[in-house]
Amino acid sequence: MHTTSTSATLDDDQPLLMSHFDDLEQQHDASNLGMWFFLATEVMFFSGMLAAYAIYRSLSPEAFHLGSRHMHLWLGFANTLVLLTSSLTMALGVRASQLGRRNQVVWYLLATAVLGIAFLGVKAVEYTKEINHHLFPGKHFVVPADDAEALMKVSATPEELHLNLGRFQMMFVLYFCLTAVHAFHMIVGIVIVLIMAELMRRKWFSGHGTTQIEVLGLYWHFVDVVWVFLYPLLYLID
């Protein structure tokens, strides 16, 4: 990322070339490459939890099927639409920065942040419902009677029933871990988006902040793509 330090260059439409780069294209590519490397580490981070999900689901598919029935399908669907819309506003913000339309960039970034906050609000409603139904893992976790009865029918021995009941709870352990980590990434993204919107408003970046907004867009789209995977895995097991 590149910024300006003097008022003489703050209004300059030409991006500021840092001394350790040969040209602006190399500087732009280096910024994008740095974000791609960062996102690669994030992929590995989520892959560990997704691998655990795949293993436990293969061990007890019936328990995960029953657990998935307690997901709030339409709230998850609404959140999917919210995030896809936020990807659109972010893409429009990137395009506006490329065209040098600073004011539009600010408004698109603010719209993206508002949609991100809406996503977190819906997720908070989901968490509240699940906690009130004693589905938060821990000492207060309760396996609903219908689900316990269904697991008894597919368990050949008491030991297998005990394992299936534990894996039913594991479904919610993984659900809360995956969605909470994703929500944390959303919070970080929202904070950065708001900071970038304020810096754009102050014309703090050179070259209309094109490189900075593009890099931010990569992060935001990554968070959205993660949810696109989580929604079917957790809500649409049937």
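Visitor: Is Arg-202 buried or exposed?

Guide: Buried means under 20% relative accessible area, exposed over 50%, and partly exposed in between, using a 1.4 Å probe and protein chains only. Arg-202 counts as exposed because its relative accessibility is 56%. Please note that this is a predicted model, in which local features need pLDDT of at least 70 and side-chain atom pairs count only at pLDDT 80 or more, while totals for chains, interfaces and linings use all residues. Residues are numbered from 1 along each chain as its sequence is written, and side-chain values use heavy atoms, with hydrogens and water left out.

Visitor: With which residue does Glu-198 form a salt bridge?

Guide: A salt bridge is a side-chain nitrogen of Lys or Arg within 4 Å of a carboxyl oxygen of Asp or Glu. Glu-198 pairs in this way with Arg-202, and their closest N and O atoms are 2.6 Å apart. Glu-198 is partly exposed, at a relative accessible area of 27%. Salt bridges with shared partners join Glu-198, Arg-201 and Arg-202 into one network.

Visitor: How many salt bridges does a search of the whole structure find?

Guide: The search finds 4. One of them links the side chains of Asp-147 and Arg-69, at 2.9 Å from N to O. Asp-147 belongs to helix α6 and Arg-69 to the loop between α3 (61–68) and α4, so this pair ties together parts that are 78 residues apart in sequence. Asp-147 is buried, with a relative accessible area of 1%. A further salt bridge joins the side chains of Lys-123 and Glu-126, at 3.0 Å from N to O. Both of these residues lie in helix α5, 3 residues apart, about one turn of the helix, and both Lys-123 and Glu-126 are buried.

Visitor: How many helices and strands are there in the chain?

Guide: Helices (H or I, at least four residues) and strands (E, at least two) are DSSP runs, numbered from the N terminus. The chain has 8 helices and 0 strands. Of its 238 residues, 42% are buried.

Visitor: How is the packing of two helices described?

Guide: Two packed helices are described by the angle between their axes and the distance between the axes. Axes are lines fitted to C-alpha atoms, for helices over the stretch in contact, and angles run from 0 to 180 degrees between N-to-C directions. Here, α3 and α6 pack at about 160 degrees, with their axes 10 Å apart. These two helices are therefore roughly antiparallel, a term for angles over 145 degrees. Contact means heavy atoms within 4.5 Å. The contact is made by Glu-62, Ala-63 and Leu-66 of α3 together with Asp-147, Ala-150 and Leu-151 of α6.

Visitor: At what angle do the axes of helix α4 and helix α8 cross?

Guide: The axes of α4 (residues 73–98) and α8 (residues 210–235) cross at roughly 165 degrees and come within 9 Å. α4 and α8 are therefore roughly antiparallel as well. A crossing is left-handed if the near helix is turned anticlockwise from the far one by less than a right angle, and right-handed if clockwise. α4 passes α8 in a left-handed crossing, whereas α3 passes α6 in a right-handed one.

Visitor: Where is His-134 placed?

Guide: His-134 is in the loop between α5 (102–132) and α6 (145–153). Its phi is near 60 degrees, a positive value in a residue other than glycine. His-134 counts as partly exposed, at 43% relative accessibility.

How values were computed
Angles under 35 degrees count as roughly parallel, over 145 as roughly antiparallel, 65 to 115 as roughly perpendicular and the rest as oblique.
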